[in-house]
Amino acid sequence: MRIFVTGATGFIGSAVVPELIKAGHRVLGLTRSDSGAQSLIAAAAEVHRGSLEDLDSLRTGAAAADGVIHTAFIHDFSKFKENCEIDRRAIEALGSALAGSDRPLIVTSGTAGVAAPGKVATEDQVVPPDLPFPRVSERTALSLQGVSASVMRLPQVHDTIKQGLVTYLIAMTREKGVSAYVGEGRNRWAAAHVSDVARLYRLALEKHEAGAKYHAVAEEGVAMRDIAETIGRGLKLPVVSLSPEKAAAHFGWLAMFAGLDMPASGAQTQQRLGWQPTGPGLIADLEQMNYLEADAVTASAARRA
Ligand SMILES: NC(=O)c1ccc[n+]([C@@H]2O[C@H](COP(=O)([O-])OP(=O)(O)OC[C@H]3O[C@@H](n4cnc5c(N)ncnc54)[C@H](OP(=O)(O)O)[C@@H]3O)[C@@H](O)[C@H]2O)c1
């Protein structure tokens with residue numbers, strides 16, 4: 001198949017691209033920059049110039065493909081609401097080019113949208129309509145008329161350089177000089193290694209089922225205290241417990257997640273797609289991380305946050 005991949009130059013997209021090519025697919029990767037085009041060519045993908053704001057570029061990319069994997073997102077959290085709107089319009093544009101066909105559209109979302117403290121979120125759960133969260137990727141994808149859409153809910157996706165929200169946590173720890181968790185730090189974050197996630201996108205595309213909701217989860221829940229202690233050791237900074245009141249000031253925009261218990265299961269996905277995660281766990285990657293080398297990544301994450 002020829003697959004149009006948005007976010008093809010990002011952390012997850014750049015793992016999905018070689019996974020698809022290795023399996024014999026062709027990739028048309030969206031990029032808005034010369035450096036992105038170069039990295040796509042180096043990965044043996046075709047280049048499609050455009051952006052999330054240029055809806056025509058999304059429509060022509062999708063129209064030229066047998067399927068679409070949408071992983072692009074503008075991670076500037078100071079304009080989160082606006083960026084969620086751009087995402088919604090982008091998904092609608094991609095859908096409009098696929099409507100009336102059975103060409104798959106896989107849209108990326110997060111397991112956080114179905115998190116319920118104390119409960120392990122499962123694939124069959126639907127995102128509550130009153131969720132006070134502006135990101136509507138999933139809702140938009142699953143409401144497209146005549147489009148064979150499915151949703152990939154991601155937990156904290158990691159390697160030894162980047163780890164989802166944990167990357168922002170590391171940046172914040174550096175800035176504040178302490179590695180913090182809330183209360184006893186027993187709240188959990190689900191996780192998966194980026195290589196396993198890339199393979200899952202391919203399986204979801206190949207065995208595609210319209211309306212499916214997948215969980216790219218390898219580890220159901222890693223306790224926040226374990227994450228904070230590992231970061232503290234890595235950065236050689238003290239580890240502290242904060243009360244929920246103090247956590248709001250310490251974590252800033254991350255406060256809504258820092259104390260949140262958001263474990264999730266990938267069991268239905270593993271069974272449905274025959275997916276077996278084999279990559280290292282989140283703590284192992286954080287232990288292997290070179291905190292000096294990762295400085296540039298975390299510094300840029302901190303600037304964007
Ligand atoms: N990483 C995680 O743990 C995690 C967890 C939950 C959900 N997610 C979601 O998974 C998806 C992929 O995440 P990621 O970690 O791979 O993000 P990332 O590394 O920040 O990559 C984002 C991608 O989006 C592209 N992009 C940004 N702004 C764009 C624009 N205006 N027009 C076109 N492309 C644009 C970037 O292209 P440039 O290279 O040109 O910047 C890049 O390819 C996102 O939807 C993210 O929210 C990720």
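Which strand is the place of His215? It's β10, a strand made up of residues 213-215. Keep in mind that you're looking at a predicted model.

**His215 and its surroundings**

- His215 counts as buried because its relative accessibility is 0%, and the cut-off for buried is under 20%.
- The side chain of His215 has a polar contact with another side chain, that of Arg153, at 2.9 Å.
- The His215 side chain also gets to the backbone oxygen of Ser265, at 2.8 Å.
- If you skip residues up to four places away in sequence, His215 touches a whole list of others, including Thr111, Val114, Ala121, Thr122 and Glu123.
- Also among the residues His215 touches are Leu200, Ala264, Gly266, Thr269 and Trp275.

**The largest nonpolar core**

- The largest nonpolar core holds 30 residues, and Ile69, Met152 and Tyr201 are the ones with the most contacts inside it.

**A look at Met152**

- Leaving out neighbours within four places in sequence, Met152 is in contact with Ile106, Val107, Thr108 and Ser109, among others.
- Met152's contacts also include Leu200, Tyr201, Ala204, Tyr214 and Ala216.

**A second core**

- There's a separate second core too, with 28 residues.
- Among the members of this second core are Leu165, Leu169, Ile227 and Ala247.

Methods. Residues numbered from 1 in each chain as written. Predicted model: local features only at pLDDT ≥ 70, side-chain atom pairs only at ≥ 80, totals over all residues. Heavy atoms only, no water. Core = buried A, V, L, I, M, F, W, Y, C linked by side-chain atoms within 4.5 Å. Buried < 20%, exposed > 50% of the residue type's maximum accessible area, 1.4 Å probe, protein only. Contact = heavy atoms within 4.5 Å. Helix = DSSP H or I, 4+ residues; strand = E, 2+ residues; numbered from the N terminus. Polar contact = N/O pair within 3.5 Å; in protein donor to acceptor, adjacent residues only side chain to side chain.
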